[in-house]
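Here's a quick tour for anyone meeting this structure for the first time. Have a look at it below, then read on.

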Amino acid sequence: MAQHNELGKKGEELALNFLIKNGYTIRDTNWRFQKAEVDIIAEKNGILAVIEVKTRSSSYFGNPQDFVSPKKIKLLVKAIDEYISSKNLDVEVRFDIIAIVRKNDEFLIEHIEDAFLHF
């Protein structure tokens with residue numbers, strides 16, 4: 001497996017553990033609809049959190065959250081509309097980013113709630 005794929009997989013594992021530790025219930029991971037893949041769908045306090053995980057080996061080229069494109073946001077919104085419809089859910093939805101940067105042998109995790117409001 002390519003090194004960047006391994007880093008991404010490690011980032012998603014760290015994000016899942018972070019969310020569980022912080023009281024989230026994980027509903028789905030790597031959920032796909034058409035061209036979109038939703039990294040993590042979690043729930044806490046009646047809010048469905050749609051989470052995009054971005055992991056980088058450094059912040060030299062920018063913060064991980066800076067790499068979520070408007071096209072990706074549009075795909076995620078379309079996918080989660082389908083998810084809610086197919087599961088017949090009546091929940092509030094929030095789009096978050098978990099940004100992870102490796103610094104030496106540590107990983108710094110930042111959970112950005114309502115991340116797409118900042119775009």
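Predicted model: local features only at pLDDT ≥ 70, side-chain atom pairs only at ≥ 80, totals over all residues.

## Before we start

Let's begin with the strands. There are five of them, forming an open sheet with mixed pairing, and their order is S1-S2-S3-S4-S5. Out at the edges stand S1 (25-33) and S5 (106-112); each has a single partner strand, so one side of each is left without a neighbour in the sheet. Going from one strand to the next, the twist averages 30 degrees.

How many bridges join S3 to S4? Ten, and they link residues 47-56 of S3 to residues 92-103 of S4, with the two strands running parallel. To pick out one spot, Ala49 has Arg94 in S4 as its bridge partner. Helix H2 (residues 70-86) packs on the sheet, where it touches S1, S2 (36-44), S3 and S4. The direction of H2 makes about 115 degrees with that of S1.

## The hairpin at the end

Now over to the other neighbour of S4. S4 and S5 pair over seven bridges, this time in the antiparallel sense. Here Val101 finds its bridge partner in Leu108 of S5.

The hairpin made by S4 and S5 has two residues between the strands. What's the phi of Asn104 like in this hairpin? Asn104 takes a positive value near 60 degrees.

Next, the rings. The structure holds three aromatic pairs. One of them is Trp31 with Phe33, a stacked pair sitting 6.4 Å centre to centre, with 15 degrees between the planes. Are these two residues buried or exposed? Trp31 and Phe33 are both buried.

Phe95 and Phe116 make another stacked pair, at 5.3 Å centre to centre and with 20 degrees between the planes. Why does this pair tie together separate parts of the chain? Phe95 lies in strand S4 while Phe116 lies in the segment after S5, so the pair links parts that are 21 residues apart in sequence. The cut-off for buried is under 20% relative accessible area. Phe95 has 15% relative accessibility, so it counts as buried. Phe116 comes in at 14%, so it is buried as well.

Conventions: Residues numbered from 1 in each chain as written. Heavy atoms only, no water. Pairing = 2+ DSSP bridges. Helix = DSSP H or I, 4+ residues; strand = E, 2+ residues; numbered from the N terminus. Axes fitted to C-alpha atoms, helices over the stretch in contact; angles between N-to-C directions. Contact = heavy atoms within 4.5 Å. Phe/Tyr/Trp six-rings, centres within 6.5 Å; stacked < 30°, edge-to-face > 60°. Buried < 20%, exposed > 50% of the residue type's maximum accessible area, 1.4 Å probe, protein only.
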